[in-house]
Every structure is written in structure tokens, then in C-alpha cells.
Amino acid sequence: MTMPPNVTAAQWESALAGFRAAVGAAWLFTSDEDVGLYRDAYSPVWGEAEERLISAAVAPQNVEEVQAVVRVANQLGIPLYPISTGKNLGYGGSAPNLSGSVVVDLKRMNRIIEVDDKRNFAIVEPGVSYFDLYQYIQDHKLNVWVDVPDPGWGSVVGNALDHGVGHTMAGYRDHFNAHAGLEVVLPNGEVMRTGMGAMPKAKTSAAFRYGFGPSVDGLFAQAGFGIVTRMGIQLMPQPDAYLQGRIVAPRRNDFIAMVEIANRLEDIGLIGMPLYDSPMFIHQFQDPELRALGKSKDVWNGNAIDRYSADKGVAPWGLNLSFYGPEPVIRASWDYAKSCFQKAIPGARFEDIELLHFPLSLVEQEAVKHKVLVGIPNMNAFALSARSQINPEPADGHLLFSPLVERSGEAVMEAQRIFTDAMASMNVDFPYSYGPFTAPFTWIERNFVLATGLPTSRADPAVNKLSRDTMSKLIAVGATHGYGEYRTPPMFQDQVMETYDFNNNMLRRFCETLKDAVDPKGIIAPGRGGFWPKAMRGAK
């Protein structure tokens with residue numbers, strides 16, 4: 001256990017007594033065994049002095065108990081770190097920015113308050129997982145989907161508040177963008193509802209997020225201005241059918257046309273999330289010739305890749321498209337999409353992957369090829385990682401480097417080269433290192449994320465140091481080229497916020513001004529989002 005900073009033993013005992021009175025002795029956790037459960041399982045400083053450790057955890061059951069906890073903390077200057085379920089692996093898990101913080105674990109606040117399949121929204125508390133909401137929808141035979149991340153064990157609220165993402169249509173897979181209305185306990189213990197929720201009799205709090213006046217909801221995402229205790233989330237109506245089709249392009253530079261066409265199809269609403277991949281990525285681990293080609297200096301002009309593709313029949317690019325709606329409509333949309341790609345990419349190949357009709361039986365659900373594309377939460381990501389042939393001795397976890405890149409083929413290929421050169425300059429060659437076969441992720445509407453994972457180890461500090469150094473270097477290199485991260489683990493949040501440095505870091509300075517006004521004692525998630533309360537800035 002790590003004590004909160006600048007707190008005397010007497011203050012700490014008073015705080016524990018206050019927390020115990022607020023939630024009951026059974027829901028205050030102070031033993032080493034209990035506190036250890038809140039360590040970041042993927043920490044890049046596991047067992048080192050820099051590891052973010054907590055002093056205690058408290059698990060309130062309702063908003064009144066959250067208020068009581070916050071008032072105790074505010075009175076005594078105890079830093080709090082709220083989590084919904086703490087499953088944010090790769091981005092910090094349940095560990096705080098500031099060691100010694102008390103975790104406010106909201107897992108017991110697990111009520112599904114409302115699901116409306118006529119107006120297509122849900123209102124949930126932070127302890128509701130994607131599995132919980134999905135099962136509720138199934139049990140009540142409701143005609144809506146929840147857009148889910150992969151894996152799907154996390155909190156609907158928590159994922160949205162960290163700008164988490166999913167896999168269906170553009171309006172739903174940016175989860176914070178799909179939210180409408182928050183209930184928040186502020187640092188002084190007061191409760192605020194945002195948007196239409198600020199009007200007690202309004203029935204539109206989960207349908208219209210703005211209400212009247214300033215929209216303040218964004219202050220509670222990736223930040224420490226309050227503890228969110230409920231949220232509205234807009235849901236996708238269950239379609240009649242789903243069709244997935246695949247396009248394979250034979251040349252490296254075909255990616256440019258592939259992206260342009262997919263962008264248009266998505267932006268006019270014909271497709272869901274386009275899913276890019278490179279068949280050469282996996283194949284390089286089976287063929288040393290391709291692996292060597294991918295590391296050659298002249299790989300970037302595409303000529304060697306094109307020759308390999310023609311000789312071996314392994315394409316550099318693939319793209320899966322998802323169509324949702326009545327079967328005749330989605331079949332026509334797929335035919336239209338094929339005609340577009342056929343005109344722009346000579347030699348493109350097409351494949352029908354899957355056709356589903358809803359609702360699905362349990363047997364049919366199990367047989368779905370890519371469950372998250374049809375709103376089914378699952379844990380298959382861990383099984384796939386365990387079976388990976390790329391890294392037969394998998395690490396204990398990973399850091400996620402997640403820079404945003406312009407949504408164009410040219411931009412992706414340029415970023416591939418920039419990040420590959422950066423890692424090569426450090427003599428780093430992790431299994432998932434950047435290269436000419438790195439495909440973009442398309443979770444965020446109108447943007448690409450060129451993410452990669454850096455391994456972490458509980459047994460080998462040298463692995464962790466290399467990953468930390470690589471992460472820091474990639475953040476700096478990305479910022480030089482305008483590639484900003486959209487999420488990052490606590491250890492790197494100061495550095496990432498520093499890269500948003502227009503007008504002498506005006507964004508950070510504005511956040512600090514707000515923090516000092518709303519939370520003058522700095523008790524709610526100090527350091528979250530890369531800005532700190534006034535009393536802690538000098539030491540950071």
C-alpha cells in the first residue's frame with residue numbers, strides 16, 4: 001500500500017473512517033491483497049519505483065455513497081481515482097496517474113436504468129458492462145444493438161469516457177460521441193446532470209446531448225472534473241440482415257484508390273466500419289523472403305511488393321466491408337461497391353464472406369465470424385493472442401501507441417515509413433513493429449489510427465524499459481509530423497498533452513484553470529489527461 005501524498009497518519013485514519021461510514025466496512029479495501037488487484041496488469045514499470053500504486057479502494061453502491069466519499073476526500077485532501085470496471089488494458093487498467101490515490105470502484109453501480117428500442121437508447125450506471133447490456137437486450141427481446149469494443153468485458157460508461165471505440169456504423173462506434181447526458185458528482189460532492197438531464201421532467205436526456213447553454217460533457221472524458229454516475233448511450237436499431245464482403249488489391253499503391261472509395265461509401269452511409277488488413281503481414285512470419293523484403297530500403301516505392309504479389313499470389317492489401325439493412329438493399333449496395341472498386345483497381349478480387357439474418361439464435365451467434373461487427377461482445381481477442389504464431393512467447397501485456405493519421409492511402413504509407421524508420425533508429429524490432437504491411441484501424445469516424453502494441457513484462461525490466469523508451473520516441477516523432485495520440489496510459493499522458501502545444505500549450509493551461517476553479521484541492525483524478533492541480537504542478 002502506498003500512502004496518499006502530503007497526508008498525515010491522523011488525516012489518513014480519519015479518511016478511512018469516513019469512507020467506511022460512507023460505504024460500509026465490507027466495501028473499503030486496504031489490505032495488500034485487495035489493493036494489489038488494482039495494479040495495472042500491463043504496467044511498463046511493474047515492480048519498479050515508478051509504478052502507479054494505490055493506497056486503498058472504495059466501492060460505493062449508489063450516487064449518495066459516491067457523494068459521501070467525495071466529501072470526505074475533499075475535506076481531508078485525499079486524491080481519488082474513479083474507475084468503472086478497470087478493464088482498460090493497454091491504456092493503464094485501473095491504476096491512477098498519482099500513486100497513493102484511492103480508487104473509487106464503481107462496479108457495484110450496475111443498474112440498467114432504461115433501454116428504449118423505439119427511440120434507440122439506453123441509460124446505464126458505470127458498473128454495467130457490455131456483456132450486461134447485451135444480455136439485457138437479449139433477455140427482453142429488444143430490437144437494438146450495443147456497439148461493442150474488443151474485448152467486450154469493459155464498462156459502457158468507462159469506455160466512452162476514455163474515448164473508446166467499437167465496430168459498427170459511424171454514428172455508434174465512437175462511444176463518447178454516441179453518448180447523450182451525464183450525471184456527475186462534482187469535487188464538492190454536488191450532483192449535476194448535463195444536457196436535457198438538467199431539466200428534471202425532460203424525457204429527452206438520452207436523445208439530445210446538448211440541452212441549453214454550454215455543452216460541458218467533454219470535461220468529464222479523459223479528465224478529472226468529476227465522477228460520472230450514469231450516462232445515456234444511443235443504440236443502433238437491429239437491422240434485418242448483415243452482409244460482409246471482401247476486396248483484395250494486388251498492388252501496394254492500390255491502397256490509395258481503395259481508401260478513397262471506402263471513404264465515400266462510408267460517408268454516404270452505405271457501409272459500416274471498413275476493415276483493412278495486409279495478407280502480407282501474417283505471411284511475412286511464414287516466409288523469410290517476404291520478411292527480408294519488408295525490411296529492405298527500397299520497399300517503400302512498392303515495386304518489390306508488387307513483384308512478390310504477382311509471383312506468390314499474396315496480396316498487399318485486403319478490405320472487408322460491412323453492410324446493414326434489408327437483404328435486397330445490402331446486396332445491391334455490395335454490387336455497387338464492387339463496381340466502384342473494379343473500375344479503380346484492375347485485377348481486384350472479391351469474396352462474399354458472410355450473410356446473416358436477425359435475430360440470431362444462440363447457435364447462430366456462436367458461428368458468427370467477427371462478432372463485434374454485429375454487436376456481440378466476446379473475449380476472443382485474448383484467445384487469438386494466446387494462439388498467435390507471430391509471437392510464440394507472448395508478453396505479459398502491452399502498451400498501446402495510438403496516433404491519429406489522415407484518412408488517405410498516401411498518409412498511411414507515409415506514416416508507415418516514418419514510424420518504421422523511428423523504430424529502426426532505435427534498433428527495435430518487436431513482432432508488431434511498424435512496416436510496409438501495417439494496416440490502419442478505422443474505429444474513429446473520418447480518421448485512421450495507426451496503432452501498435454509494445455510488449456510489457458512482469459519478469460524482465462529490460463523489456464519494459466525498451467518499450468517505454470520506444471513509446472516516448474514514437475510520441476515525439478508522431479508529434480513532429482502532426483500525428484497526435486487520442487488515448488494513452490497514465491505514464492505517458494503528460495508527454496502526450498505536451499505535444500498539443502499550440503500557443504504555448506494553451507489547451508493544457510485552460511484545463512488547469514478550469515481544474516483550479518472546479519476542484520481547487522485537486523482531489524479528482526489528479527494528472528488525468530495530462531494536467532495537474534495547482535499544488536502538484538511544480539513537482540511534475
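User: In this predicted model, how does the lining of the second largest pocket divide by class into nonpolar, polar and charged residues?
Analyst: The model is predicted, and totals for linings use all residues. The lining of the second largest pocket holds 26 residues. By class, these are 14 nonpolar, 7 polar and 5 charged.

User: What is the volume of the second largest pocket, and which residues lie closest to its centre?
Analyst: The volume of the second largest pocket is about 580 Å³. Of the 26 lining residues, those closest to the centre of this pocket are His163, Ala221, Gln222, Met497 and Gly529.

User: Which element gives the largest share of the lining of the second largest pocket?
Analyst: Two elements give two or more residues to the lining of the second largest pocket, namely helix H16 (490-499) and helix H17 (502-518). The largest share, 3 residues, comes from H16.

User: How many cavities of 30 Å³ or more does a search of the whole structure find, and what is the volume of the largest cavity?
Analyst: The search of the whole structure finds 3 cavities of 30 Å³ or more. For the largest cavity, the volume is about 100 Å³.

User: Which residues line the largest cavity, and how many of them are charged?
Analyst: The largest cavity is lined by Asp40, Ser43, Pro44, Val45, Glu51, Arg52, Gly92, Ala95, Pro96, Pro489, Pro490 and Met491. By class, 7 residues of this lining are nonpolar and 2 are polar. The number of charged residues is 3.

User: How much space lies in the second largest cavity, and how many residues of its lining are nonpolar?
Analyst: The second largest cavity holds about 60 Å³ of space. Its lining includes Tyr130, Trp145, Val146, Asp147 and His175, and Ile233, Gln234, Leu235 and Met236 are also among the lining residues. The class division gives 2 polar and 1 charged, and the nonpolar count is 9.

User: Are helices H7 and H14 parallel or oblique to each other?
Analyst: The axes of H7 (residues 254-267) and H14 (residues 409-425) come within 7 Å and cross at roughly 130°. An angle over 145 degrees would count as roughly antiparallel, and one of 65 to 115 as roughly perpendicular. H7 and H14 are therefore oblique.

User: Which residues make the contact of H7 with H14, and how do they divide by class?
Analyst: From H7, the contact is made by Phe255, Ile256 and Val259. H14 contributes Gly409, Glu410, Val412 and Met413. By class, the residues of this contact are 5 nonpolar, 1 polar and 1 charged.

User: Where is Pro151 found?
Analyst: Pro151 is joined to Asp150 by a cis peptide bond, with omega about 5°. Pro151 is found in the loop between strand E7 (144-145) and helix H5 (156-161).

User: Where is Pro359 found?
Analyst: The peptide bond from Phe358 to Pro359 is cis, and omega is near 5°. Pro359 is found in the loop between strand E15 (349-357) and helix H12 (362-367).

User: Is Asn503 buried or partly exposed?
Analyst: Asn503 lies in helix H17, and its phi is near 50°, a positive value in a residue other than glycine. The relative accessible area of Asn503 is 47%. Buried would mean under 20% and exposed over 50%, so Asn503 is partly exposed.

User: Does Asn504 count as buried or exposed?
Analyst: Asn504 is placed in helix H17 and has a positive phi of about 55° although it is not a glycine. The relative accessibility of Asn504 is 57%. The cut-off for exposed is over 50%, so Asn504 counts as exposed.

Methods
Residues numbered from 1 in each chain as written. Predicted model: local features only at pLDDT ≥ 70, side-chain atom pairs only at ≥ 80, totals over all residues. Heavy atoms only, no water. Axes fitted to C-alpha atoms, helices over the stretch in contact; angles between N-to-C directions. Helix = DSSP H or I, 4+ residues; strand = E, 2+ residues; numbered from the N terminus. Parallel < 35°, antiparallel > 145°, perpendicular 65-115°, else oblique. Contact = heavy atoms within 4.5 Å. Nonpolar A, V, L, I, M, F, W, Y, C, P; charged D, E, K, R; others polar. 1 Å grid on protein atoms, 1.4 Å probe; cavity = no way out; pocket = protein on both sides within 12 Å on 5 of 7 lines; lining within 4 Å. Points joined across faces, edges and corners; volume = space filled by probe spheres on them. Buried < 20%, exposed > 50% of the residue type's maximum accessible area, 1.4 Å probe, protein only.
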